[in-house]
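Hello,

Here is the structure we talked about. Please open it first, then read my notes below.

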Amino acid sequence: MTAVKTSLPRRKFDAVIIGAGGAGMRASLQLANAGLNVAVLSKVFPTRSHTVAAQGGIGASLGNMSEDNWYWHMFDTVKGSDYLGDQDAIEFMCREAPKVVYELEHFGMPFDRNPDGTIYQRPFGGHSSNFGEKPVARACAAADRTGHALLHTLYQRNVAARTQFFVEWMALDIIRDKDGDCVGVVAYEMETGEVMILQAKITVFATGGAGRIWAASTNAFINTGDGMGMAARAGIPLEDMEFWQFHPTGVAGAGVLITEGVRGEGGVLRNKDGERFMERYAPTLKDLAPRDFVSRSMDQEIKEGRGCGPNGDYVLLDLSHIGAETITKRLPSIREIAIKFANVDPIKEPIPVVPTIHYQMGGIPTNFYGQVVVPKDGNPNTIVNGLYAVGECACVSVHGANRLGTNSLLDLVVFGRAAGNHIVEQFSSGKIAKEHKELPADAADRPLARMAKYDNSTSGENTQVVAQAIRDTMQKHCGVFRTSALLSEGVEKVLALAERCKDIHVKDKSKVFNTARVEAMELDNLIETARATITSAQARQESRGAHAHSDFPERNDADWMKHTLWYSEGNRLEYKPVNLKPLTVESFQPKKRTF
């Protein structure tokens with residue numbers, strides 16, 4: 001094969017991991033400890049990855065507070081997913097959960113403790129004992145800073161293992177050869193403007209979600225859907241992108257997350273009359289029903305005129321009865337957030353909250369080893385050699401149509417670890433060749449052409465004007481409640497915005513610390529994710545989990561018990577079946593969700 005025709009510098013690694021959050025660093029730790037030459041790219045310093053913002057806990061059936069087991073956890077996850085989750089992957093995750101939590105404990109993660117020294121666990125939304133009988137405390141917590149503790153623990157372990165970090169580097173596009181195998185990535189150093197090819201035998205996406213395609217979001221500004229954009233441009237479909245979780249409790253007007261752990265510690269939602277309204281909607285689990293259920297209940301209260309404030313557009317989260325000691329000990333960050341962003345002290349007065357976009361259930365399709373899988377020759381799960389995806393950017397699918405609280409951190413460590421172990425096994429068994437595959441001649445053409453377009457622009461729109469138009473359109477047309485008319489109009493608007501994205505003017509031509517160029521390249525990823533989301537949502541004519549369609553209010557298992565696959569080319573959709581067969585136990589058959 002001909003050599004790469006660009007003169008870009010090139011470095012070779014056994015594995016390149018894109019993203020230094022919980023999933024990326026859990027995978028890199030396995031690889032580095034096995035002696036592999038591994039590089040981790042991150043747009044920000046690793047401990048500023050978005051995992052740091054996770055608050056409430058990591059789910060595992062340790063049974064430290066009362067009886068619990070992995071099978072109950074599996075039931076809650078399947079039911080929480082509105083039966084769209086793949087039950088083999090869900091069983092795998094719930095079985096592995098205690099093991100990975102104890103492993104984190106041995107890594108030095110500072111969990112809160114019970115008087116007997118065991119890990120403290122709090123109740124959480126959708127967590128139950130004996131298949132929905134009553135709430136159970138399953139969330140292993142480090143106060144309300146669990147993600148912070150997890151990320152710092154993993155970073156310290158990676159430093160000890162001599163993992164190589166490329167900090168403030170952005171991956172632009174993956175490189176696929178003539179066989180369709182992934183052979184590396186083209187990356188951009190933000191400080192210098194240098195573009196480099198990182199050639200790798202294995203490439204792992206751990207790029208997180210894309211919550212910044214909405215105007216009101218709990219997500220960090222770095223969450224621009226980079227993994228989804230790169231996958232879509234490389235011809236890989238995106239799975240179940242219509243399903244986005246609206247967290248019930250974002251600070252009204254600010255979007256900053258108030259953890260479900262507040263309700264786990266005893267906080268309750270109230271309407272303008274002071275009524276604890278969740279007792280009407282979910283008599284058993286009340287305020288600890290799954291997030292899609294609570295979000296819709298809150299929205300219903302607001303729509304029916306029982307919202308709070310001068311515009312009646314939020315409800316109140318009351319934790320004053322919990323007591324100052326518990327709030328200070330178990331929820332210190334939440335008190336700080338409430339004072340700073342809502343101007344209330346939760347020890348004395350309730351916090352104004354509203355459902356806010358939070359988490360992406362869909363993403364790059366994978367199996368539970370993290371290998372990216374695509375439909376080919378009648379097989380819906382054909383492996384893309386050399387490419388893995390883990391964490392929020394991946395769709396395993398363990399979350400289905402609605403993620404259970406605390407399963408996000410669990411997803412990161414279970415599948416980050418599983419991918420790492422699988423890659424190590426592939427190397428040790430000789431299934432991965434000792435030599436790197438040859439790079440194709442056009443390896444860097446696509447990202448270089450995009451950069452040249454921005455550098456040579458003399459006219460066009462400002463990046464952030466178009467980005468804000470995407471956010472406003474998605475907020476209006478693809479929110480908590482959706483209708484056929486809203487979605488159809490939204491698809492037209494997003495497709496028009498995709499055309500506007502082709503005509504962006506980057507005014508700052510400097511190649512050093514050029515945030516304008518970085519923002520323009522992030523816009524390419526935002527629009528792919530927005531197209532995938534609203535196109536998939538328009539097509540799904542039912543209500544399931546986080547996809548609440550007012551024109552089709554019931555779940556339709558006969559026609560829609562299937563995963564969506566969206567392809568960028570042609571903005572087209574395909575579908576594949578949900579795996580209802582667990583690994584070792586009886587499957588949970590779909591039935592109506594009540595709480």
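**What I found**

Among contacts in the protein chain (heavy atoms within 4.5 Å) between residues at least 6 apart in sequence, 75% join residues at least 24 apart.

Two notes on method. This is a predicted model, where local features need pLDDT of at least 70, side-chain atom pairs count only at pLDDT 80 or more, and totals for chains, interfaces and linings use all residues. Residues are numbered from 1 along each chain as its sequence is written, and side-chain values use heavy atoms, with hydrogens and water left out.

The protein chain has 16 helices and 22 strands. These are DSSP runs numbered from the N terminus: helices are H or I of at least four residues, strands E of at least two. The C-alpha trace spans about 70 × 50 × 50 Å along its principal axes.

Of the 595 residues, 62% are buried, meaning under 20% relative accessible area with a 1.4 Å probe, protein chains only.

The largest nonpolar core has 78 residues. Such a core is a set of buried Ala, Val, Leu, Ile, Met, Phe, Trp, Tyr and Cys residues joined through side-chain atoms within 4.5 Å. Val 16, Leu 198, Phe 205, Ile 364 and Met 474 have the most contacts inside it. Helix H15 (residues 515-539) gives the most to this core, 10 residues. Another core lies apart from it, with 68 residues, including Met 74 and Val 578.

Look at Leu 198. Leaving aside neighbours within four places in sequence, its contacts include Arg 11, Phe 13, Val 16 and Phe 166.

Best wishes

Methods
Buried < 20%, exposed > 50% of the residue type's maximum accessible area, 1.4 Å probe, protein only.
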